[in-house]
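User: I'm new to this one. Can you walk me through it?

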Amino acid sequence: MKTDFLWGGALAAHQFEGGWNTGGKGPSVIDVLTAGTHSTPRKITDTIEPNEFYPNHEAIDFYHRFKDDISLFAEMGLKCLRTSIAWTRIFPNGDEEVPNEEGLAFYDEVFDELLKNNIEPVITLSHFEMPLHLANEYGGFRNKKVIDYFLRFAKVVLKRYQDKVKFWMTFNEINNQMNTNNPLFLWTNSGVKVQDDEHPKELMYQVAHNELVASAKVVIEAKKINPALQIGCMLAFVPVYPYSSNPNDVMAAEEYLRQRFFFGDIHVRGEYPSYALKEFDREGYKIEITEEEKTILKEGTVDFVGFSYYMSTTVKSNHSNESDDVVSGGISQSIDNPFIKSSDWGWGIDPVGLRYSLNLLYNRYQLPLFIVENGFGQVDELTEDKKIHDSDRISYLRDHIIEMKKAVEYDGVDLIGYTPWGIIDLVSFTTGEMKKRYGMIYVDRHNDGSGSLNRYRKDSFIWYKNVIASNGKEV
Ligand code: P53
């Protein structure tokens with residue numbers, strides 16, 4: 001791997017910071033999500049209800065422990081840390097004229113501490129953290145005013161941290177709202193709840209359009225602030241395989257792949273792909289897209305493509321399933337792949353799929369790529385002598401790193417870095433659990449909020465430290 005390859009770890013403000021109402025922070029769309037499990041969905045409550053438990057409110061309390069946590073990251077040898085800036089620390093309601101200085105100062109301290117430890121911050125501007133006020137009072141991204149509020153937030157932080165942060169991404173996993181069967185995604189991506197008289201897909205495309213315009217405007221403004229800033233998009237990339245060599249399966253996979261590519265195509269090429277325009281016509285979707293916005297999309301194309309990779313999906317043309325789970329992304333023709341085993345949460349384990357995804361994305365976009373999430377959510381046991389023997393996690397990561405190296409060294413993919421998800425245990429996004437752990441650092445906190453919050457190094461911590469020290473030679 002190149003000597004400047006960014007080995008790191010990935011996190012998102014709402015899943016680990018805690019301090020949800022500290023330092024002037026306002027509530028975000030995540031702060032009204034209760035805890036769920038694999039089989040019980042998280043609820044979105046209208047307000048913060050006294051009798052409900054909201055796991056993101058305290059999360060793992062990085063807010064008060066960041067110095068100690070960063071020293072653990074430094075001990076591991078991380079070269080970068082991907083995290084997000086909680087929009088509500090900077091603009092608590094989202095529509096203020098003036099940012100909250102205490103929130104800005106918090107990120108200065110965090111970034112300075114990282115840089116002091118030779119860890120480069122890599123920042124997502126919006127990782128499911130829209131101010132609740134913008135969602136409730138403005139209807140989230142269905143309202144074009146929210147584009148301006150997002151841009152205001154982005155300009156403030158891009159200006160403030162331009163000398164501390166080079167790599168930025170606009171919207172985390174912007175494409176997972178394509179799965180309109182699950183109300184969580186439109187809410188967390190865009191602050192939107194579908195009303196009875198609305199067509200979910202048509203609404204999703206309108207909201208998505210507004211976000212894509214917001215993202216393009218951020219790219220344009222970032223270049224004015226400092227041309228050295230690199231602005232990327234962030235896609236949840238779950239490739240779609242044909243179940244068999246039956247040409248109909250192959251074509252079904254090709255069609256479903258468009259659901260994965262739609263957002264990237266616009267972020268990268270700056271225009272709507274023809275398959276989407278055909279779909280709008282066919283389905284009678286009326287999406288408001290102005291000429292001015294078309295120019296903005298064209299001018300504000302991204303510099304790199306960040307993506308998460310956890311698993312693949314498989315489709316069979318004459319098959320129908322009723323499931324709307326995250327794994328399939330709401331694809332009704334998805335079917336179990338006999339060659340792939342799954343985690344306890346039903347996420348398929350497919351390392352070759354990472355190499356395949358790297359090639360698909362690189363061939364299509366010819367831009368540098370950044371794997372900004374990859375990982376294995378599992379139950380970990382803390383032994384009596386305070387160890388965690390997470391050999392399954394090590395195997396998962398090792399196998400994915402081996403495939404990643406093939407993509408770079410054999411296939412020639414241009415890759416900026418690799419940041420495994422949840423370098424320290426944090427609150428699961430889809431379920432709100434602590435039990436679904438990804439970290440290489442264990443946090444003593446449980447689903448019900450109990451636990452000392454003490455940190456312990458897992459076996460994977462020692463293993464990953466060596467991977468980084470050998471620049472990926474020893475896995
Ligand atoms: P949890 C679907 C497919 C791939 C990644 O998820 C996904 C999703 C859900 O949208 O989400 C990302 O914690 C997301 C993170 C999240 C992580 O995957 O549910 O960017 O915020 O925590 C893992 O196991």
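User: Which strands make up the closed barrel?
Analyst: Eight strands, in the order 1-2-3-4-5-7-11-12, with parallel pairing. Strands are DSSP runs of E, at least two residues, and helices are runs of H or I, at least four, numbered from the N terminus. Two strands pair if DSSP finds at least two bridges between them. This is a predicted model: local features need pLDDT of at least 70, side-chain atom pairs need 80 or more, and totals for chains, interfaces and linings use all residues. Residues count from 1 along each chain as its sequence is written, and side-chain values use heavy atoms, without hydrogens and water.

User: How do strand 1 and strand 12 pair?
Analyst: Strand 1 (residues 6-10) and strand 12 (residues 415-418) are parallel, over two bridges. Trp7 has Tyr418 as its bridge partner.

User: What about salt bridges, how many?
Analyst: The count is 31, taking a side-chain nitrogen of Lys or Arg within 4 Å of a carboxyl oxygen of Asp or Glu. One of them joins Lys2 and Asp414, with the closest N and O atoms 3.6 Å apart. Lys2 sits before strand 1 and Asp414 in the loop between helix 13 and strand 12, so the pair ties together parts 412 residues apart in sequence.

User: Switching to helix 9. Where is its kink centred?
Analyst: On Phe261, at about 50 degrees. That bend is the angle between axes fitted to the seven residues ending there and the seven starting there.

User: And what comes just after helix 9?
Analyst: Gly270, with a positive phi of about 75 degrees.
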